[in-house]
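Here are a few notes from going through the backbone and the aromatic rings. Have the structure open while you read.

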Amino acid sequence: MTAIDSKQYKEAERQSWNSVAAGWQKWWKPIERGAEKVSRRLIELAEIKPGSRVLDIATGIGEPALTAANLVGRSGHVLAIDISPQMLSIAKQRAASLGIQDVVEFKEGDIETIDLLSAAFDVVLCRWGLMFLPNLKAGLSNIHRSLKPSGHFAAAVWASPGQDTLSATTMNIVMKETNSKPPPPGTPGPFSLSDENRLKNSLVISGFKDLSIERMNVSFDFDSPDNFTTFITETAGPLQKMLANQTIERKREILKAVTEAAQKYVDNNTGKVSFENEAILITSKK
């Protein structure tokens, strides 16, 4: 990407995340029920302890920053950054409600360009954010520089969804029904770092060592197919963008198709629907 493209891309990302911030606030409990184990495992792998100084990248509405802040306590500190001021506003509210607003600081910015002190952090975390960087090398270099010697970097990215998953099915339906083309190869997106070798090589080139990778199944559960469709339309910026130019009637038809497809993934015992995928967790040291 050129510098101008990168700037345009980041502005579009900021607007996209701002537009769904209210949806994330509404749905944070089912999101975190599914994602909490990823946060806890990243924190465990990164060896965060009371007194640690932690940087959380692309924190969104506050995770894993808030979980880390509870652990580091008042002798530690967490700096959490995100590109979306609307998402950060919600994160700040959540920190205050938990009484940890003095432990965690929220700052608007992105890891490619934000000015950080060298060797300032014991740990850097990033849960599902690296995939959206237009210049991954710049981001990783900044992370590496900000870590103390032997400091830990722990990140989660998404694996490519299987063909027979609600994740893949939903996106395929909406793209087909709106005549949307897939983004060109190399474009940042949820699954752009699903190739383990590319992921590892990116970190090695940036100076990281002692790399290890593990995988974890993640499941977001919803009360019904209708419940799932409401969730996905209120939290997925790219999906909202694809639907934006559709008539009200056409939008209704497309979302009905998503709901009908979700029926296939209903648990017959509970009636709940699971939106599942695999997370790749990568840890390394400076």
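1. One cut-off before we start: a residue counts as buried under 20% relative accessible area, as exposed over 50%, and as partly exposed in between. Keep in mind, too, that this is a predicted model.

2. With that in hand, look at A58. Its relative accessible area is 29%, so A58 is partly exposed. A58 isn't a glycine, yet has a positive phi of about 55°. You'll find A58 in the loop between β1 and α2.

3. That loop has another item for your list. P64 also sits between β1 (53-57) and α2 (65-72), and the peptide bond joining E63 and P64 is cis, with omega about 5°.

4. N179 is a further non-glycine residue with positive phi, near 55°. Its place is the loop between α5 (166-177) and α6 (196-205). Buried or exposed, then, for N179? Exposed, at 69% relative accessibility.

5. On to the rings: the count of aromatic pairs comes to ten. Among them is F228 with F275, a tilted pair at 5.3 Å centre to centre and 35° between the planes. F228 belongs to helix α7 (residues 225-235) and F275 to strand β7 (residues 273-285), so this pair ties together parts that are 47 residues apart in sequence. F228 and F275 are both buried.

6. The F228 and F275 rings are also part of a cluster: ring pairs link them with W27, F222 and F231.

7. Lastly, a charge over a ring: R94 lies over the face of W28, 4.2 Å from the ring centre.

Conventions: Residues are numbered from 1 along each chain as its sequence is written. This is a predicted model: local features need pLDDT of at least 70, side-chain atom pairs count only at pLDDT 80 or more; totals for chains, interfaces and linings use all residues. Side-chain values use heavy atoms; hydrogens and water are left out. Helices (H or I, at least four residues) and strands (E, at least two) are DSSP runs, numbered from the N terminus. Buried means under 20% relative accessible area, exposed over 50%, partly exposed in between (1.4 Å probe, protein chains only). Rings of Phe, Tyr and Trp (its six-membered ring) pair if their centres lie within 6.5 Å; planes under 30 degrees apart count as stacked, over 60 as edge-to-face and the rest as tilted. A charge sits over a ring if NZ of Lys or CZ of Arg is within 6 Å of the ring centre and within 35 degrees of the ring normal.
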